[in-house]
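Hello,

Here is the structure we discussed passing on. My notes follow below it.

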Amino acid sequence: MVTVSAVGSTEQQWRTPAPVFGGSLLGDANALMTCTAAAEKLLAELPAKPDRSPDEQQLAAELFRDQRRVRGAFLRLHAERVYEVLTGELREQRSLSELVFAAADAFPGLTPTEAQMAAERECAQADKEGREIDQGIFFREVLRSPVAGPHLLQAMLRPTQRARSLLGEFGRTGLVELGTVHLERIDGTAHLTLCNGRFLNAEDNQLVEDVETAVDLALLDDRVRVGVLRGGRMTHPRYQGRRVFCAGINLVDLHQGRISYVDFLLRRELGYIHKLIRGVRVEDGWPRPLVEKPWVAAVDTFAIGGGMQLLFAADHVVAAADSYLSLPAAQEGIVPGMANLRLTSLAGARLSRQVILSGRKLWAHEPEARLVCDEVVDPKLMDATVRAAAERLATPAVVANRHMINLAEEPEDRFRAYAAEFAFEQALRLYSDDVIDKVDRFSAGTSGDRRTGSGS
């Protein structure tokens with residue numbers, strides 16, 4: 001029992017008799033709905049989070065914590081069956097956002113509603129209720145399921161509707177502008193150039209959308225044999241005219257609550273980065289349902305956080321000798337995507353701990369950087385070296401062999417098991433006190449016109 005002076009001077013008491021699950025899906029779903037509705041009723045009587053007293057804030061925290069235990073217990077029993085219901089007995093394939101909102105409609109109280117998430121988006125990160133944690137609980141249990149997890153991963157390899165609508169144009173012209181990404185086909189090579197120049201190619205919701213569209217187009221276009229990922233020339237004053245690969249997550253956007261857990265942090269891992277490795281899924285594909293192509297990554301100036309993560313999905317990495325790589329996520333308090341899985345495979349556990357846990361920066365000219373980079377060249381030779389690397393990979397046997405290498409390095413079940421824990425841990429980290437404090441301090445020292453990312 002929690003007693004708190006909540007609304008006005010009225011003493012309110014709240015008891016949460018936790019449901020005992022283990023019956024039918026319908027019966028347990030009704031018990032879940034009843035329990036969570038009681039908590040939501042009391043939450044609705046509290047002031048907005050920034051205006052709560054310490055006692056009111058404690059009550060809200062206890063309400064959310066208790067309901068998360070209940071949701072977790074329900075999903076540990078029923079996640080697989082819930083997923084089957086939401087996908088028409090596995091006949092339908094849904095995106096992450098479609099799935100989690102369908103869950104809120106079909107099983108009230110299981111995940112946040114669209115209205116609840118819309119309210120969250122209006123708040124700075126520190127002022128949100130943290131309802132994305134409830135989405136993380138949902139995706140952890142779905143991905144853990146040996147039935148639901150693989151089905152969801154396959155659904156996430158489908159091309160986006162936006163890419164399908166632009167495929168004809170790209171096929172005809174070999175050129176498409178996607179806001180923060182420029183995609184151009186030259187002699188069978190798709191050049192995917194990040195063009196978020198004002199913010200040093202910092203990652204935000206829009207960049208994730210644009211990159212996935214570009215990756216889909218490159219994979220779907222029959223004239224493309226190989227893809228190249230590179231950063232464009234910057235308009236940021238400090239790097240004016242220089243190419244920069246990627247500065248990682250936009251921390252100011254994170255502070256202001258504009259980084260989506262589902263549509264950014266989870267989607268980028270299960271969407272376009274997974275597609276770089278596995279390929280894009282096509283209907284009635286022959287000889288296999290996934291269209292795969294080799295990728296070259298070209299690092300100019302730096303690849304920070306999410307930028308460095310992209311290198312782990314590439315088949316060949318070319319880096320300018322004056323560039324560096326880093327994964328500062330642990331210093332910022334979040335998990336650097338799949339880096340803990342993939343860097344360990346590439347470079348071993350000891351170097352991975354130095355880079356991920358201690359924040360070691362790898363300069364391209366250091367011997368250890370060769371565990372991530374295939375070629376390190378004079379910056380003046382970058383264009384020619386990247387072009388030569390793409391030409392070497394544009395041969396028929398490369399696709400089959402990269403397929404087998406990726407299968408050996410990262411079997412789907414291994415990836416799925418990691419993704420399930422990542423889905424939960426990253427959601428928790430987004431709302432931890434240390435992360436909120438760090439992004440608040442970063443934002444306070446960064447003007448709105450010069451916001452950059454430096455994270456995972």
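The axes of helix α2 (residues 54-86) and helix α5 (residues 132-144) come within 8 Å and cross at roughly 55°; axes are lines fitted to C-alpha atoms, for helices over the stretch in contact, and angles run from 0 to 180 degrees between N-to-C directions. α2 is therefore oblique to α5 (under 35 degrees counts as roughly parallel, over 145 as roughly antiparallel, 65 to 115 as roughly perpendicular, the rest as oblique). Among the residues making the contact are Arg68, Leu75 and Tyr83 of α2, and Ile133, Phe138 and Glu141 of α5 (contact means heavy atoms within 4.5 Å). The contact residues divide into 9 nonpolar, 1 polar and 6 charged (Ala, Val, Leu, Ile, Met, Phe, Trp, Tyr, Cys and Pro count as nonpolar, Asp, Glu, Lys and Arg as charged, the others, including Gly, as polar).

This is a predicted model, in which local features need pLDDT of at least 70 and side-chain atom pairs pLDDT 80 or more, while totals for chains, interfaces and linings use all residues. Residues are numbered from 1 along each chain as its sequence is written, and side-chain values use heavy atoms, without hydrogens or water.

On to strand β9 (residues 295-299): 5 of its 5 residues are buried (under 20% relative accessible area, 1.4 Å probe, protein chains only). Trp295, Ala297 and Val299 point one way, Val296 and Ala298 the other. β9 runs parallel to strand β6 (residues 226-231), joined by 4 bridges, with Gly227 opposite Trp295. β9 also pairs with strand β11 (residues 316-320) in the parallel sense over 4 bridges (pairing needs at least two DSSP bridges), and there Val296 stands opposite His316. Helices (H or I, at least four residues) and strands (E, at least two) are DSSP runs, numbered from the N terminus.

Regards

Notes: Buried means under 20% relative accessible area, exposed over 50%, partly exposed in between (1.4 Å probe, protein chains only).
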